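Hello,

Here is the structure I promised to pass on. My notes follow below it.

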Amino acid sequence: MSLFNALANGLSRIGLNIGARNKSYDNAMSLLHDVDVPTKKATFAMACFWAPDALFGTTPGVIRTRVGYAGGTKEGPTYRSLGDHTESIDIDFDPSAVTFAKLLDIFWKNHDPTARTTKQYTSLIFYHDDEQKKLAEQTLKEQEGKHTSPIVTQIIPAGTFWDAEDYHQKYRLQQHDWLMKAIGMKCGPKLKTSHVAARLNGYVVGRGGVAQFEGDIARLGLSDEVSDFVRKLCIKYENAGPFC
């Protein structure tokens with residue numbers, strides 16, 4: 001008998017039941033935080049980074065996401081001292097499950113590449129190899145034929161990606177204290193690597209849709225309570241479109 005079970009049995013004799021705590025512990029342990037598959041990177045800037053974090057987090061084949069600052073020269077940028085950097089999203093994806101071309105398609109369809117904004121919110125594609133550069137340039141030419149206004153999107157090599165502050169990571173998920181606790185998460189580095197956090201960060205604002213969410217419940221190891229909570233939010237916001 002384990003020490004935990006022995007303690008539980010002892011407490012039960014005096015009228016204390018910690019079964020609920022044990023169940024919560026088991027649920028947290030079963031959640032799919034880490035996915036061990038070969039991945040490639042994709043890095044984009046498409047206005048505010050909260051919306052693409054939710055969008056790509058629920059994209060099939062995407063394993064991890066993190067938001068941060070890229071494209072500039074300032075060392076150690078922060079949200080309050082950004083310098084010449086742009087809000088960006090860094091994606092680890094499984095190339096056997098989703099292609100870079102598909103991610104590019106999502107990029108183009110979910111922001112306005114003609115919007116003239118400050119450097120903080122401009123449109124960028126950061127390529128990690130020659131193949132990504134070629135595909136990005138090809139899609140840029142295709143997009144130029146679809147817009148009457150000039151496209152401002154630039155295609156540049158990926159450089160240093162500076163992680164944004166912890167409170168920006170999985171921002172939509174962090175708005176739900178109960179849910180964060182239910183999946184054993186807190187504001188910190190784990191939010192940048194957890195697969196289930198990436199998924200739920202999108203589902204709570206309707207990204208991916210409720211049908212995809214239903215198919216993800218068992219794979220992610222979600223409890224009935226967590227599933228019910230997230231399902232209601234996913235249904236509520238499913239047709240709202242990306243927003244920051």
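**Helix 10**

Start with helix 10, whose buried residues are Val226, Ser227, Val230, Leu233 and Cys234. Looking down the axis of helix 10, these residues fall within an arc of 140°, so they line one face of the helix. Asp224, Glu225, Lys232, Ile235 and Lys236 are exposed on the other side of helix 10. Note that Ile235 is among those exposed residues. What do the buried residues pack against? They meet helix 7 (177–182), helix 8 (195–203) and helix 9 (210–220). Helix 10 itself covers residues 224–237, which is 14 residues. From first C-alpha to last it reaches 20 Å, close to the 20 Å expected at 1.5 Å a residue.

**The whole model**

A caution before going on: this is a predicted model. The protein has ten helices and six strands. Of its 244 residues, 46% are buried. Take the contacts between residues at least 6 apart in sequence: 74% of them join residues at least 24 apart. The accessible surface comes to about 12600 Å². Carbon and sulfur atoms account for 52% of that surface.

**Helix 5**

Helix 5 can be read in the same way. It runs over residues 130–144. At 1.5 Å a residue, its 15 residues should span 21 Å, and the end C-alpha atoms are 21 Å apart, so the two values agree. Its buried residues are Gln132, Ala136, Thr139, Leu140 and Gln143. They cover an arc of only 110° around the axis, which puts them on the same side of helix 5. Asp130, Glu131, Lys134 and Lys141 are exposed on the other side.

The buried residues of helix 5 have several partners. Among the strands, they pack against strand 1 (40–46), strand 3 (86–93), strand 4 (123–127) and strand 5 (154–157). They also pack against helix 4 (100–109).

The N-terminal end of helix 5 is capped by Asp129. One of its side-chain oxygens lies 3.2 Å from the backbone nitrogen of Glu131.

Phe56 is in helix 3 (residues 50–57). Its relative accessibility is 0%, so Phe56 counts as buried. Which residues does Phe56 touch, leaving aside neighbours within four places in sequence? They are Phe44, Met46, Val62, Thr65, Ile89, Ile91, Leu103, Ile106 and Phe107. Ile106 is 50 residues from Phe56 in sequence. In space, their C-alpha atoms are 8.3 Å apart.

His85 sits in the loop between strand 2 (62–70) and strand 3. Is His85 buried or exposed? Its relative accessibility is 1%, under the 20% cut-off, so His85 counts as buried. The His85 side chain reaches the backbone oxygen of Lys74 at 2.8 Å. Lys74 is also one of the residues that His85 touches, not counting residues up to four places away in sequence.

**Cysteines**

How many disulfides are there? The count comes to zero. Cys234, one of the buried residues of helix 10, has a relative accessible area of 0%. Cys187 is partly exposed, with a relative accessible area of 41%.

**Two backbone angles to check by eye**

Most residues other than glycine have a negative phi. Two residues here depart from that pattern.

- Ala47 has a positive phi of about 75° although it is not a glycine. Ala47 lies in the loop between strand 1 and helix 3. It is partly exposed, with a relative accessible area of 32%.
- Lys170 has a positive phi of about 50°, and it is not a glycine either. Lys170 lies in the loop between strand 6 (162–163) and helix 6 (171–174). At 0% relative accessibility, Lys170 counts as buried.

Over to you.

Best wishes

Methods: Residues are numbered from 1 along each chain as its sequence is written. This is a predicted model: local features need pLDDT of at least 70, side-chain atom pairs count only at pLDDT 80 or more; totals for chains, interfaces and linings use all residues. Side-chain values use heavy atoms; hydrogens and water are left out. Helices (H or I, at least four residues) and strands (E, at least two) are DSSP runs, numbered from the N terminus. The expected span of a helix is 1.5 Å times one less than its number of residues. Buried means under 20% relative accessible area, exposed over 50%, partly exposed in between (1.4 Å probe, protein chains only). The arc is that of the directions from the helix axis to the C-beta atoms. Contact means heavy atoms within 4.5 Å. A polar contact is a pair of N or O atoms within 3.5 Å; within protein, one must be able to donate a hydrogen and the other to accept it, and residues adjacent in sequence count only if both atoms are side-chain atoms. Accessible areas come from the Shrake-Rupley method with a 1.4 Å probe; for residues, only the protein chains shown count as cover. A disulfide is a pair of cysteine sulfur atoms within 2.5 Å.
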